[in-house]
Amino acid sequence: MWDVVGLCMGTLIVIMISHWCYRWQNPKCHGKLPPGSMGFPLIGETLHFFSPTSTYDIPPFIKTRMSKYGSLFRTSIVGQKVIVSTDHEFNYQIFQQEGKDFHIWYLETFNKIVGDNQSMLAYQGTFHKYLKNLILHLLGPQSLKERLILEMGESTRTHIFSWVTHHGGIVDVKEGALNMVFEFVVKKLLSYEELKEGKKLKDNFNKFMDGLISFPLNIPGTAFHACIKGRQNVIKVIKDTFKKRKASKKVEGDFLDHLLEEMENRDEKFLNEAIVVDMIFLILFASFETSSSAITLAIKLVSDHPQVLAQLTKEYETIIKSRGSTDFHVNSELTWEEYKAMTFTHMVINEVVRLANIVPGIFRKVVNDVQIKGYTIPANWLVMVVPSVAHLSGDIYGDPLKFNPWRWQGKDLHVGSKTFMAFGGGARLCVGADFAKLEMAIFLFQLVSRYRWSVVKGGEIVRKPGLTYPNGLHIKISEKHNK
């Protein structure tokens, strides 16, 4: 009798698991879902999605499924149902429907890392615009033109010069760029100085970034767990600085001062400590790794293409001569007018970020069922827009894997389009895009004008979701001119 009961129970369990697996592979839909695979239950196709590659090309996760299913396909990443769109026309439509058929959204694991529902990334409509305008006070064109271009120039010049004296002029470019970007941004945000404070803010941010693109297994010893702990430590430093500044009322002239002043002028229910701390954290997050990776990639690409270096040198020599002095050290900082006139530099920057694909996937949540190309995308599913497919399309960019700044000749260099979404699109266009481009332009100007360098080791391309950079790139650098 017990054998029969055991057999029945076993059979029931098998039927239940089989039904569960079937439902996982065949989700409910009031229409026809795009083709694809949901992978294994719960895990989905997460492992393949997070796999790094060593090429500028479209990531294998996307490329293999495009060839099998087309420009729209379904998948599951970290337990969430996702429609991947590589169709640039539909992607543009998604951005135009922000707040209507589509809402800003992120994978649940990402939300847990950056602060879940408390994050400013989750805000919509009027309040999102208000927060965006606050950030533009620091990173917008007016601030860049009036203050930051000179301050960024001084900081960049100091850091690159320090490379010359570092271990005989041999420097790890990624690490050097990270230090340069981090020190400048955190000083403008919080007047924080790593050596003086001794709180290892940068080390904790490194741990956060290292685990951000790891498999989301939150147990001690994993990169994801270290990521969570790193974020907590960074948040603690920001909170402590906020409370100390608010209590002392000391004026430092940084972004935190501006936010505290804004808090005094508004109800704290509107702008409070949690939002201020989160905003500062997210600005650090957005600028920390992406900018340094793009700068590192720029050095690699310019080093590998002497004709590009020659054209940059020519452009910068023209700028210096136009100042009425050939002595670069007399007036070494770029003016806003000079920056805007650096046409070839902007062509180089666009080409670098096209290949870097800083934004590998942009997520939106479907509010209502959406019809596209005979398929139905159900409400509450996520759509992942993939800009890299347009950026690396041979139909749009001839010989797309070739670094060719001249392809931008005669084009508008300062706006996005359906086929160029390096900084996102729509209402959520990256608020720091102008800041990032200025940072790269100043770096190239300082490096090419004053120094000569050669690659001594490393440089193999590493591509992870959100990052493309030459791994272990080291250069030997020296000054062109004697002081």
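Helices here are DSSP runs of H or I with at least four residues, and they are numbered from the N terminus. The model is predicted. Its chain contains 18 helices and twelve strands, and buried residues account for 51% of the 483 residues. Of the contacts between residues at least 6 apart in sequence, 72% join residues at least 24 apart. The accessible surface of the chain is about 22600 Å², with 56% of it belonging to carbon and sulfur atoms.

- Asp240 and Lys236 both sit in helix α11 (residues 223-248), four residues apart, or about one turn of the helix.
- An α-helix has 3.6 residues a turn, so residues three or four places apart point the same way.
- Asp240 and Lys236 form a salt bridge whose closest N and O atoms are 2.9 Å apart; Asp240 is partly exposed, at 31% relative accessibility.
- A second salt bridge joins Arg245 to Asp257, with 2.8 Å between the closest N and O atoms.
- Because Arg245 belongs to helix α11 and Asp257 to helix α12 (residues 255-264), this pair ties together parts that are twelve residues apart in sequence.
- Arg245 is buried at a relative accessible area of 7%, and Asp257 is buried at 14%.
- Arg245 and Asp257 also belong to a salt-bridge network that includes Asp254.
- The structure holds 16 salt bridges.

**Helix α16**

- Helix α16 (residues 343-356) has 14 residues and spans 20 Å from its first C-alpha to its last, close to the 20 Å expected at 1.5 Å a residue.
- Since 13 of its 14 residues are buried, α16 is largely enclosed by the rest of the structure.
- Within α16, Arg354 and Glu351 are three residues apart, about one helical turn.
- Arg354 and Glu351 form a salt bridge, their closest N and O atoms lying 2.9 Å apart, and both residues are buried.

- Strand β1 (residues 72-77) is mostly covered, with six of its six residues buried.
- Leu72, Arg74 and Ser76 lie on one side of β1 and Phe73, Thr75 and Ile77 on the other, and all are buried.
- β1 pairs with β2 in the antiparallel sense over six bridges; Phe73 has Val84 of β2 as its bridge partner.
- The two strands β1 and β2 form a hairpin with two residues between them, and Val78 in the turn has a positive phi of about 40 degrees.

- β8 (residues 382-385) includes Leu382, which is buried with a relative accessible area of 1%.
- In a regular strand the side chains alternate between the two faces of the sheet.
- In β8, Leu382 and Met384 point one way and Val383 and Val385 the other way, and all are buried.
- Strand β2 (residues 80-85) pairs with β8 in the parallel sense over four bridges, and Ser85 has Val385 as its bridge partner.
- Strand β5 (residues 362-366) runs antiparallel to β8 and is joined to it by four bridges, with Phe363 partnered by Met384.
- Leu382 and Lys365 are 17 residues apart along the chain, yet their C-alpha atoms are separated by 4.5 Å.

**A nonpolar surface patch**

- Phe40, Leu42, Ile43 and Leu47 make a nonpolar surface patch of about 450 Å².
- Leu42 is placed in the loop between α1 (2-25) and α2 (46-50).
- With a relative accessible area of 56%, Leu42 counts as exposed, because exposed means over 50%.

How values were computed:
Residues numbered from 1 in each chain as written. Predicted model: local features only at pLDDT ≥ 70, side-chain atom pairs only at ≥ 80, totals over all residues. Heavy atoms only, no water. Patch = residues over 30% accessible without salt bridge, like charges linked within 9 Å, V, L, I, M, F, W, Y side chains within 5 Å. Areas by Shrake-Rupley, 256 points an atom, 1.4 Å probe, with all protein chains shown as cover. Salt bridge = Lys/Arg side-chain N within 4 Å of Asp/Glu carboxyl O. Buried < 20%, exposed > 50% of the residue type's maximum accessible area, 1.4 Å probe, protein only. Expected span 1.5 Å × (residues − 1). Pairing = 2+ DSSP bridges. Contact = heavy atoms within 4.5 Å.
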